[in-house]
Each structure stands twice: as structure tokens, then as C-alpha cells.
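I am opening a notebook on a structure that I have not looked at before. The entries follow the order in which I looked things up.

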Amino acid sequence: MMKMVPDKAKAAYAAACASLALLIAPGAVPVAAAQAPQKGGTLVFVMSSDPTMTNPVLTTAFDVGQIGCAIYQGLTTLSPDGSVKPLLAKSWRISEDGRSYSFDLNAAKWQDGQAFTSADVKYSLLEASSKYSAVFSAAAHSIDTIDTPAPDKVVIHLKQPFGPLLISLSCTHGGAILPRHIFAGTDVPSNKASTTEPVGTGAFKLASWTRGDNIRLVRNPDYWEAGKPYLDEVIGKIIPQAAARSQALLAGAVDMVSYFAYPVTDYGLVRGRPDFKLTRSPVGPSQDMMFLNTKHAPLDDKRVRQALYIALNREFILKSAFRGVGEVPRTPFGQGSWFASKTIDYRTLYAYDPKRANAMLDEAGVPRGANGYRFSLRYTYNADDAEAASLGIAVQSMWRAVGVQVTLEPLERVSAVKRVYQDATFDVFTIAYTSYFDPALGLARAWSSATMGKPFGNPTGYSDPRVDDLLRQAANLTDQAQRAQVYESVQHILADALPIFDLRDKVSYDASTAALHGMEGEVHLPTWRDAWLRK
């Protein structure tokens, strides 16, 4: 078996984040010392919205992933430091030229009793992940052919080396394996195994779904990892209202609220209470972003975009909307990681200066009208995102000072996805994107022409062949130092064009009962296979 050696740079980043977390969130708990898992019980976690489907290949929507990655699995999974671990793949070997990956597969079964084989892997990666996943799209462009020499062996041949291939093969990154015997010859998005009747290899299977209320998963008795899972049931309780989530946690109605659904404004309700804990969420470097529709005038003019960014007081935004949790942004790719620019600093390049912003807007040919406004914008955000709501109020005030009228537009997540990613009938939209530990997977999609029109891809309309070429170059390299140099170049182009505003470099926490254990190794989307409750 190939030795799995964590990337030193990623490990260093994780360590730095852990140290920062303890500084900025007093009361957050370190990873608990190892304890023997206790079997049985029901865990109830919060979902911020009712999922539209159960197939995590088709979308990066967090609510879908919370269910989908407990049912479906990838060949690999990740550790909190970003290193890769085997899952459905037992082991692998990489050719010297980096173009062939040979996998030995674990003996697993689908939840309908059929055997999991290499044919499922080939079908899933070529016919599902490559066609539908925005996150997997970079890997898809590199895959040439896939061979299945035996039911328990699969070989992926690449057109050229692709640095983060092993990361791409995890469920979180669009690499979930689907049952070929159910999906082949059908329309993947409308297949019942994508919508309401999922059939995976995971530790839990769908038992019931009460729309608008809860989704109930039960232990898979034929799960292939011996002794797992520990829990009998996992229930996703759908609570759209942010304030109600903390109330449910404090009342004991739910056991966990993930970072995605737990606003920083509520951290103080849990911090310091012995029956609860805040745990640093082990996700890759992430950012709160504002997407600008560059097809809408005057946002099609980069001078206007630059002026609007200068008109935002990001330090105040961090303190007010985000309660000081996180960092003031510096580069398009965040900070502290191996891929962040070492020479760009938004704090000086686009320092907050309303007077300068006003002058730039005048020079861009968008003068104030009789009502004092230059133009109007709709600020679209997910209605269940309390932080985005607070951010919107700050943006509204700051842009009013430079003559821009802002209308706040909260939408349900399903409506927001359609408005922003499919119809592109928005002006500005705020949402968090994660790097997934590698820009080729999590960040490139925000600027790549290849992900336009895909959910959680590039909704801005911004397209630059130079950027596309550089992103491909970086993805096709395997040496991290060389990749960092290419990402440095692309960030300089993006920092000038500014189709996306970085508003905060995130540091996030999960809130839970102190009785919950085993989640420390889960990255981004939970599988629940190691979770257990102290009785």
C-alpha cells in the first residue's frame, strides 16, 4: 500500500488555524483525548433547509451533502490536515509519470445487497461526476480512460498529471461512487436514487423523509467497515430559522449544529457551558465571498467594481457582521495556506476610502442622479444565513455613502441557486466557498469559465482565457512549489479584475452537546460513521 504522508504545508496551515481558533474563540474545546466509543443511541443534527435531492455528485449544497455523504462514499476521504485516507479504495499505486493511478477496492455492498465493483467506479466518475459536479470538473478534464481489470481493481489513466486527483475522489469533492446497476441508462439527476431513494455503500441508509421537518437515517447492518457505525440512528432536523437552532440545541432537542448553520452571533450562547462545546470545524481554508454579475452594467466595468470594494470597510464588517471571528481578507485565495499570494494585500491595494471610491465612480462615468444615487443593486442572499443578513445591512449603509442604492433580497436556498447560478438574474450575491484544501477543487470553480451555469460554480459571467489557462496549468502540476507560483500569477489577474469580493477569511465552529464524540476527524461533510454519544 502506498504510504500516506500528510502534506507538510497543509499540516502547518491546520496547526496555525487551530492556534488561531483558541485565541479568537475562548471556550472552544480542543480535540478530546481518545475514548472507547459507546454503541447505540440516536443523534439529531440541524439542517438549515430541506434538501432538494440526496445525490452529492449533483451539487455542493451543504444540506444535500449532510445526507448524501452518509449514504454514498468516495474512493478516498480526508483528514483534518488535508491529507488523503483510503475509504472504498483499500490502497493505490501511482505511476512514476503521475498519469496512472491503480486502486485496489474494499469488499463492500450496496444497500440493496448488490456487490460494489470497479464497474461502479468507472461509471460514476465518467458518467456522473465528470458531467455534473462543479467541484470534480477540474479532475474530469484530466481523466483520459478508466480500466477495470478485475471487480476489485480499477485504473485511472490521466491525459496529464493532476495534483489533487486523490482529494477529488472523495464524496465531499464530487467523487461519490453511485451504483451502476441502478443509474446506467437513466437520467442521473431525475433517477430516484438521486432524489428520494438513495442506495449507497455508506454507514447509514435512508429510512424516512418528512418534508420540511426531518430526515431519518438508520444504521446499515451490512456496512463493510467492521464494528461501524456506532449510532443506531442519525436524524436531520430541518430548522430554517437561525435563532431557533440555538434554542433547539440548548433545550436538548438537537445534539449538533454544524458550522454551516451556526452563526457567529450565537457562539456566546454555548461558550463556557459545561454541557455544550464549540469545536473547530476541520474544513479547508474558506472565504465569505460576494459575487458580482459582470454581465450587468455598470458592474461590467472593473473600475466600478474596484470602487465598490474600496467603499467597503472590511475591518468593520469583520467586527460587526462576523463578531470578530475570522480574518480581514488579503488575497483572492485567502491567507495562511501554501496557495495564498505572498505579494497581494487587499488591505493596502483596496484600502477603505469612501472619498476615493466616490472619485473613481465619477471617473467611471456613473454620476449621481437627482435622487443622489448613481445606480441601484440587489443584494441577494440565503434567507437562513444570519451572517449574510447582517452583512447586507453593513453593505447597504457603506454603498449608500458613495451613491449606490442597495435593496436586500433574501431568498430560500433553492430559489437563490436558480436565480444566481442558473438564470444569472442577480446583481450581487454572498455565500461562503471552501478551498477543499486545494484551489483546483474549491476555489478555481469560482472563476473558471468551465463551471459557468453549474450550481456553486462561477455565476459572475467573468471569463478570462489567461485565468483558465493558468488554473489548468496549476492543476496539472504535482510539485507544490511550482503550483504555488502559478497560483501567484493568477491571483494578480483576479485581484485587478475583481469579479468577486473576499469579505472574510473564515474560521468556523460546530456547536454540540458535550456528549458527542467521534466527529473530530470529519472534514466538511459528515459521514457519521465514527460518531458516538456518551451515555
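**Entry 1: disulfide.** I note first that this is a predicted model. I searched the whole structure for disulfides and found 1. The bond joins Cys69 to Cys171, with 2.0 Å from S to S. I then looked up where the two cysteines sit. Cys69 belongs to helix 2, residues 62-71. Cys171 is in the loop between helix 5 (165-168) and helix 6 (180-183). The pair links distant parts of the chain, 102 residues apart.

Which hand does the disulfide have? I read a torsion of about -90° about the S-S bond of Cys69 and Cys171, so the disulfide is left-handed.

**Entry 2: cis peptide bonds.** I looked up the bond between Lys228 and Pro229 and found a cis peptide, with omega about -5°. Pro229 is in the loop between strand 10 (214-219) and strand 11 (233-238). I also noted a cis peptide bond from Ala297 to Pro298, where omega is near 0°. Pro298 has its place in the loop that runs between strand 14 (286-292) and helix 10 (302-310).

**Entry 3: positive phi.** I looked at Ala424, which is not a glycine but has a positive phi of about 55°. I found Ala424 in the loop between helix 15 (413-422) and strand 17 (428-434).

I looked at Tyr436 next. This residue is other than glycine too, and its phi is positive, near 55°. Tyr436 lies in the loop between strand 17 and helix 16 (439-442). With a relative accessible area of 4%, Tyr436 is buried.

**Entry 4: Tyr259.** I located Tyr259 in the loop between strand 12 (256-257) and helix 9 (267-270). Tyr259 has 12% relative accessibility and so counts as buried.

What is Tyr259 in contact with, leaving aside its neighbours within four places in sequence? I listed Phe62, Ser281, Val283, Ser508, Tyr509, Asp510 and His524. I also looked up the pair Tyr259 and Ala511: they are 252 residues apart in sequence, while their C-alpha atoms are 7.2 Å apart in space.

**Entry 5: the whole chain.** I went on to the contacts of the chain between residues at least 6 apart in sequence, and 70% of these join residues at least 24 apart. For secondary structure I recorded 18 helices and 21 strands.

How does the radius of gyration stand against that of a compact globule? For 535 residues, a compact globule would have a value near 24 Å; the chain has 23 Å, so the two agree. The C-alpha trace spans about 70 × 55 × 40 Å along its principal axes.

I noted that 60% of the 535 residues count as buried. The chain exposes about 20,000 Å², of which carbon and sulfur atoms supply 52%.

I recorded 55 positive and 52 negative side chains. The centres of these two sets lie 1 Å apart.

Technical notes. Residues are numbered from 1 along each chain as its sequence is written. This is a predicted model: local features need pLDDT of at least 70, side-chain atom pairs count only at pLDDT 80 or more; totals for chains, interfaces and linings use all residues. Side-chain values use heavy atoms; hydrogens and water are left out. Helices (H or I, at least four residues) and strands (E, at least two) are DSSP runs, numbered from the N terminus. The radius of gyration is taken over C-alpha atoms; the globule rule is 2.2 Å times the number of residues to the power 0.38. Buried means under 20% relative accessible area, exposed over 50%, partly exposed in between (1.4 Å probe, protein chains only). Contact means heavy atoms within 4.5 Å. Accessible areas come from the Shrake-Rupley method with a 1.4 Å probe; for residues, only the protein chains shown count as cover. Lys and Arg count as positive and Asp and Glu as negative; His and the chain ends are not counted. The place of a charge is taken as NZ of Lys, CZ of Arg, CG of Asp or CD of Glu. A disulfide is a pair of cysteine sulfur atoms within 2.5 Å.
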